[in-house]
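Work through the exercises below with the sequence and the structure open. Each task is followed by a solution in steps.

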Amino acid sequence: MSSEDDSMTLAEVRADLHRELMNFARRPSRDPELFDGLAERVLHYQARAIPSYGRLVEMLGADLGDWREAPLVPTELFREIDLCSQPVSEHDKIFRTSGTTPGGKRGFRRVPDLSLYRTAMSTPFIEGVLGGDPTRLRWISLIPGDNVLSDSSLSFMVRELSEVIAAETYWIVEKDGLRLDEARIALGEGHGLGNEPVLVLTTAFALADLLERARWFQRLPRGSIVMLTGGFKGRRETISEAELLTKLEQVFNVPPDHVRPEYGMTELTSQAYGRPLAPMASLKFRIVHPETGAALPPGEVGLVGCFDLLNLDNVSSILTSDLGALDEQGRLTLHGRMAGAVPRGCSLSAEEILRQQ
Amino acid sequence: MSATLPTLLRDKARLVEDLLPATVAQGFSPEVARAGLEAETESWSESALVGLSDELPTGWQARAPRAVLVIAARTLPASMLRQCLLARALGARVLLKCAAGQEAVGEVLHAIDPAIEPTPFASDDRAAAQSTIALADTVVVLGSDETVRALRAETPADKGFAAHGHKVSAAWLGPAPSDADVTGLARDVVAWDQAGCLAPQVVWVEGDPTHVRQVGERLTKALQTIERELPLADVSAHRVARQRVVPLVAMLGGELLGTQTTFIATLPEAAFRPSPGPRMVWLLPADASALDALMPILSTLAVARSSTPTLASPSVRLCAPGEMQRPPLTWRQDGLHPLASLLRPDRPELASAP
């Protein structure tokens, strides 16, 4: 940690870090020393500025010198605690989780300043989804816009990106669900306008739904891309990724290498793209043993932890419920989600019951 | 004619021995499974059954069910066993739909008493549910509210219907509970590995934070002894839950106590919080409003002799610490009489519409 940070007020430390992180977001660097140095300062700032995180650090006697050993905050704690370093303001943006547990409490992240988010998102998206080609494509989004889901971080991201990268965007999911007629028009027009490739942005569930219901589609123009995000958590019906890829090729004529996975979540500012998932420069993954929390080496499957430099005003060190393994380059392959605790009957539904009162 | 002790209970020790392997297969240690099964069989006596029988309305024999469909929940076998035995006490045949993973328990019961007939069907198979319900005079459902609602809708008004949805239980201790109360509570926590509706998920302690902590330390000490006698079989699930809940405790300003396989955490807020895993209990400052808020879903409250909570609900079972997971045969679960709830409706035309 910078010794200067110790003598500065929290506001000064935050301003200083924000400036440096904005530079990082504008010119992402893969220099590990730069990342490690910033991570240490961010951790120290968060331990001071977010009292509940400070308590965790203190209880565990954690050394904040290395982000790889920073205390991880399970994502479900975003349902319990306002993990934000800044006082509540009417200008805060609040992102909420999708609430996949029926009747469950939704997690939330209060973001007082979206500048890091906005600045950082475009370049990795162009690289990870568009293969580095910034040519403006027509977008067809099965992800609702943030006029429909105002508290969805994914909707916010897609809308923000579409404004600066897309030639035109068709939003074909509205409040009442998938608009099949509009999907038909959007995808049909895409075919009709000189065979220009399109970008389809979708969650796995929405895509499975579309493929199930819409049997009339023509093939998409050659070179079209599908950005695929999310899994099937909380849904009874599931389809494997392999099945989804096969159907995509059969129905849309989009080969598997043109399907670009995205990994992000409400609790994070940064994303990862590709297969395996390559984190953007501001994000690092770590894998821990579910029972002991010990770090696992590349190749071993465990719980996915994230360190997101850009989560300056929230916590950066986060433990997901996803299972995955890293390769030697720190890229992630997901292996589903951690099964819930052993069924304990009444305990499981207690929260749901309370909420129904 | 009165209800009679089912033949299965003529040799309680044998019944426990026969059920033990299938119960252990559900994930309990042999010691925990044995203790739980013995507690259930010990609650049965001829005199208690006669007493219950005497409380039935005159002429009840005409409404005695010939067949009872018992739909079991996926927690522990004790509640299912009790419902089967109650039905047999009335002389009814039992159609038993076991939950996934419980099938072996049903097979053992059938081997001892052929009148208990395992009747499997898929939970989402509506036609199978309807045809099975048609064979019964009374349907007993142990399970989620969703399951109860779905099966109630399928049950005609001329059949009996007894629903036992999910509930939670808690304990309330004074600032300086007796050693017997602390030891009893420790037994309640480890019984059936804290599964089921009768296990304490939170313990409210009267007094200031020092008292809460002191009770936590004494409970920890008691658990260290009891755990040797009643070990946790599935340590993995406990450890996984612990990894995720430790940060929560720290970040909410709580304190960690407990043993290697029982997690006790104090928290400053009194509001009820579900237990996050097997053998994990919250110690909270006593607060009447927190207890009031829980009342609609509270099954059992263990109350130490030195404490004084006031309860508005007569349907909540009050007991001493140590008795939470040992309900007497006379217990009116969800306010229902154990035997009367199995009878066919007196006037079906007045029964609530399905």
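A residue counts as buried if 20 or more other C-beta atoms lie within 10 Å of its own, as exposed if 12 or fewer do, and as partly exposed in between. The model is predicted.

**Exercise 1. Helix α4 of chain B**

Solution. 
1. The expected span is 1.5 Å times one less than the number of residues.
2. Just after α4(B) comes B:Gly91, with a positive phi of about 85 degrees.

**Exercise 2. Helices α1 and α2 of chain B**

Task: Describe how helix α1 (residues 12–24) of chain B packs against helix α2 (residues 30–42) of chain B.

Solution. 
1. Two packed helices are described by the angle between their axes and the distance between the axes.
2. For α1(B) and α2(B) the angle is about 140 degrees and the axes are 9 Å apart.
3. Angles over 145 degrees count as roughly antiparallel and 65 to 115 as roughly perpendicular. The pair α1(B) and α2(B) is therefore oblique.
4. The crossing of α1(B) and α2(B) is right-handed.
5. On the α1(B) side the contact is made by B:Lys12, B:Leu15, B:Val16, B:Leu19, B:Leu20, B:Thr23 and B:Val24. On the α2(B) side it is made by B:Pro30, B:Ala33, B:Arg34, B:Leu37, B:Glu38 and B:Thr41.
6. By type, the residues of this contact divide into 8 nonpolar, 2 polar and 3 charged.
7. An α-helix has 3.6 residues a turn, so residues three or four places apart point the same way.

**Exercise 3. B:Leu19**

Task: Is B:Leu19 buried or exposed, and which residues beyond its neighbours within four places in sequence does B:Leu19 contact?

Solution. 
1. B:Leu19 is located in helix α1 of chain B.
2. It has 24 other C-beta atoms within 10 Å, so B:Leu19 is buried.
3. Apart from neighbours within four places in sequence, B:Leu19 contacts B:Leu37, B:Pro77, B:Val105 and B:Val108.
4. B:Ala62 is 43 residues from B:Leu19 along the chain, and their C-alpha atoms are separated by 33 Å.

**Exercise 4. B:Gly51**

Task: How far apart are B:Gly51 and B:Thr330 in sequence and in space?

Solution. 
1. B:Gly51 belongs to helix α3 (residues 46–54) of chain B.
2. With 13 other C-beta atoms within 10 Å, B:Gly51 is partly exposed.
3. B:Gly51 and B:Thr330 are separated by 279 residues in sequence and by 8.4 Å in space, C-alpha to C-alpha.

**Exercise 5. Chain A and its helices**

Task: Summarise chain A, then examine the pair α2(A) and α3(A) and the helix α6(A).

Solution. 
1. Chain A contains 10 helices and 16 strands. Of its 357 residues, 43% are buried.
2. Among contacts in chain A with a separation of 6 or more, 67% join residues 24 or more positions apart.
3. Helix α2 (residues 10–26) and helix α3 (residues 32–49) of chain A pack at about 145 degrees, with axes 11 Å apart. Their crossing is left-handed.
4. The α2(A) residues in the contact include A:Leu10, A:Val13 and A:Phe24, and those of α3(A) include A:Leu38, A:Val42 and A:Tyr45. The contact residues divide into 9 nonpolar, no polar and 4 charged.
5. For helix α6 (residues 153–165) of chain A, 13 residues should span 18 Å, and the end C-alpha atoms are 18 Å apart, in agreement.
6. The buried residues of α6(A) include A:Phe156, A:Leu161 and A:Ile165. Among the elements that cover the buried residues of α6(A) are α5 (115–128) and β8 (198–203) of chain A.

**Exercise 6. Backbone exceptions**

Task: Where do A:Asn253, B:Gln194 and A:Pro276 lie?

Solution. 
1. Most residues other than glycine have a negative phi, and most peptide bonds are trans.
2. A:Asn253 has a positive phi near 65 degrees. A:Asn253 lies in the loop between α9 (241–252) and β10 (259–263) of chain A, and is partly exposed with 15 other C-beta atoms within 10 Å.
3. B:Gln194 has a positive phi of about 70 degrees. Its loop runs between α8 (179–190) and β7 (200–205) of chain B, and 25 C-beta neighbours inside 10 Å make B:Gln194 buried.
4. The peptide bond from A:Arg275 to A:Pro276 is cis, with omega near 0 degrees. A:Pro276 sits in the loop between β11 (272–273) and β12 (278–279) of chain A.

Terms used. Residues numbered from 1 in each chain as written. Chains lettered and ligands numbered in written order. Predicted model: local features only at pLDDT ≥ 70, side-chain atom pairs only at ≥ 80, totals over all residues. Axes fitted to C-alpha atoms, helices over the stretch in contact; angles between N-to-C directions. Helix = DSSP H or I, 4+ residues; strand = E, 2+ residues; numbered from the N terminus. Parallel < 35°, antiparallel > 145°, perpendicular 65-115°, else oblique. Left-handed = near helix turned anticlockwise from the far one by under 90°. Contact = placed C-beta atoms within 7 Å. Nonpolar A, V, L, I, M, F, W, Y, C, P; charged D, E, K, R; others polar.
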